[in-house]
Every structure is written in structure tokens, then in C-alpha cells.
Amino acid sequence: MPTTLITGASSGLGAEMARQLAAKGEDLALCARRTDRLEELRAEILAAHPGRRVAVRALDVNDHDQVFEVVRGFRADLGSLDRVVVNAGLGKGAPLGTGGFAANKETATTNFVSALAQCEAAMEVFRDQRAGHLVVVSSMSAMRGMPKTLTTYAASKAGIAHLAEGLRTELYGTELGRTVQVTVLYPGYIASEMNEKVAQRTPLMAPTDKGVRAMVAAIEKRVDSACVPRLPWAPLSVLMKHAPLPVLKRLI
């Protein structure tokens, strides 16, 4: 069975992704800081799908040495890693210059530098295996610079998307590029712990299971990139990228 490693798998999108991939026959390597949640998720998945293999390990993605140790450890435990989903992220933020540098720095570190570490660790395995699928979870906010509390978050998500796209460009036309694929997902509003407050302010919020179903479908197709769910986010992505600033400010 294919084996997928998911970071930030203890709750929200990561946990639901694990449930849906297990239902489709995949083995799992799940990591996050909250190992109690991981063990509960593991028990839930094995109860529903007794034939699955589900390995769990503690991981703080901001401990970059640990990122490499955990990815290598999962590969040793499971024999190979077919896919790595760089999902762990943080949504803290404050308008620039308002005393929120600590929160902005934490978000930038988690969402970009620590995501870089995860990509490095995954590609180390894939280059050695000569095969694999790297999935990076970005955000619709990466389509354009965002204001106020989203400024750093959006920039960090744009950064990791560009990192993945740069890797895809490197692999294009090479022998390795035929067996290693790179997918960037741009989720819109999907219900999770990270955006509970946003759910109260927008009618565009998708339920967790529906939103993740769109993510899993894009992952299985190994697309280069996808706005998920496609509606309304694929059409909105064009508007977000090209709208004049006065129009964009009214939208967000």
C-alpha cells in the first residue's frame, strides 16, 4: 500500500486527511507535537481499517534536527515513504509595526523555515528512493499580499509555494522528474482549529470533511497545483491575483 507521511496530523486538516487516505487504502506516518491526539487518531483509524499500518511520532517542526530524524525514522520503520504532506502551520499574526514581531516571527519560522526543513527531509528520501510525491499545503492568501494580521501569514505561505514550484522547475525534464512529483495546494476557508474565529465571519467556510475531500482528490491526481475546494476558490484566485488594489481591499 502507498505510505503517506503527514505533519501537523493531530487535528484539523491533517487529521481528516489521515482518515480519508486510510479509507482509500493508504498506510500512514503521522507526526505532531500532541502525541496523545495522534494515539487517539491512530486507534480510531485502526478500528475503522484494521489492515492499515499507522505509525506515529512526536514532532515539533521548529526543531529542525528533529524533522530530519523523524522523517528518516519513519522511512526505516515503514520501509519507504511514497508521499510527504507538509501540512503543519501556524496562523498567528499582527499588523507590522504594532508590537507583534514575536508572533509574526513565529509564524514566518513555522510556515516557511520549518516547511523548508520538511521539504529538505522529504527530498532527501525521494532522491535516494528515486521516487516520491511532495505535497505542500499553502493557502489562498498566498495569491496576493494580505493586510493586517494576515500579512506575515500570507507571505510565508507564498514563500513555501514558490519553494515547491522552484523544485518542480528543477525536476522538470530530468529523469528524477519522471518519478518525483510536487503538488502545491491552496486551501480556501476550510473549518479547522486554526480558523475557528474566521468561521463566524464568512459564508465561504467549507466543512472539514468536504474541504479535505477536495484536497485528497487533488493529491491523488498528483496535480501541479490546485485551489481547494475548486469552487469558489479557483475563480476567486484570478480575481485575487489581478484585481486593482481598491477592489482587492473591498474583497478582503
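## Close-up views of helix packing, a cavity and backbone geometry

**View 1. Gly12, Leu13, Glu16, Met17, Gln20 and Leu21 of helix 1 are in contact with Thr208, Asp209, Val212, Arg213, Met215, Val216 and Ile219 of helix 7.** Contact means heavy atoms within 4.5 Å; helices are DSSP runs of H or I with at least four residues, strands are runs of E with at least two, and both are numbered from the N terminus. The model is predicted, with residues numbered from 1 along each chain as its sequence is written. Local features need pLDDT of at least 70 and side-chain atom pairs count only at pLDDT 80 or more, whereas totals for chains, interfaces and linings use all residues, and side-chain values use heavy atoms, leaving out hydrogens and water. The contact of helix 1 with helix 7 holds seven nonpolar, three polar and three charged residues (nonpolar: Ala, Val, Leu, Ile, Met, Phe, Trp, Tyr, Cys and Pro; charged: Asp, Glu, Lys and Arg; polar: the others, Gly among them). The crossing of helix 1 and helix 7 is right-handed, that is, the near helix is turned clockwise from the far one by less than a right angle.

**View 2. Helix 3 packs against helix 4 at an angle of about 30°.** Helix 3 covers residues 64–78, and the axes of helix 3 and helix 4 lie 9 Å apart. Their crossing is right-handed. From helix 3, His64, Val67, Phe68, Val71, Arg72 and Arg75 take part. They meet Val113, Ser114, Ala117, Gln118, Glu120, Ala121, Ala122, Glu124, Val125, Asp128 and Gln129 of helix 4. Eight nonpolar, four polar and five charged residues make up this contact of helix 3 with helix 4.

**View 3. Helix 4 and helix 5 cross at roughly 20°.** Helix 4 runs over residues 101–129 and helix 5 over residues 151–171, and their axes come within 8 Å. At that angle helix 4 is therefore roughly parallel to helix 5 (angles under 35 degrees). The crossing of helix 4 and helix 5 is right-handed. Helix 4 brings Asn104, Thr107, Ala108, Asn111, Phe112, Ala115, Leu116, Cys119, Met123 and Arg127 to the contact. On the helix 5 side are Thr152, Tyr153, Ser156, Lys157, Gly159, Ile160, Leu163, Leu167 and Glu170. The residues of the contact of helix 4 with helix 5 comprise 10 nonpolar, six polar and three charged.

**View 4. The largest cavity has a volume of about 30 Å³.** A cavity is a set of points on a 1 Å grid over the protein atoms alone where a 1.4 Å probe fits but cannot get out, and lining residues have an atom within 4 Å of a point. Points are joined across faces, edges and corners, and a volume is the space filled by probe spheres set on them. One cavity of 30 Å³ or more is counted. Val86, Ala88, Asn111, Ala115, Val136, Val137, Lys157 and Ile160 line the largest cavity. At least two residues of this lining come from each of helix 4, strand 5 (132–137) and helix 5. Six lining residues are nonpolar, one is polar and one is charged.

**View 5. The peptide bonds from Val228 to Pro229 and from Leu231 to Pro232 are cis.** Omega is near -15° for the bond into Pro229 and near 10° for the bond into Pro232. Pro229 sits in the loop between strand 7 (225–228) and helix 8 (230–242). Pro232 belongs to helix 8.

**View 6. Arg130, not a glycine, has a positive phi of about 65°.** Arg130 lies in the loop between helix 4 and strand 5. Most residues other than glycine have a negative phi.

**View 7. Gln66 is part of helix 3.** Leaving aside residues up to four places away in sequence, Gln66 touches Ala58, Leu59 and Asp60. The C-alpha atoms of Gln66 and Val137, 71 residues apart along the chain, are separated by 20 Å.

Terms used. Axes fitted to C-alpha atoms, helices over the stretch in contact; angles between N-to-C directions. Parallel < 35°, antiparallel > 145°, perpendicular 65-115°, else oblique. 1 Å grid on protein atoms, 1.4 Å probe; cavity = no way out; pocket = protein on both sides within 12 Å on 5 of 7 lines; lining within 4 Å.
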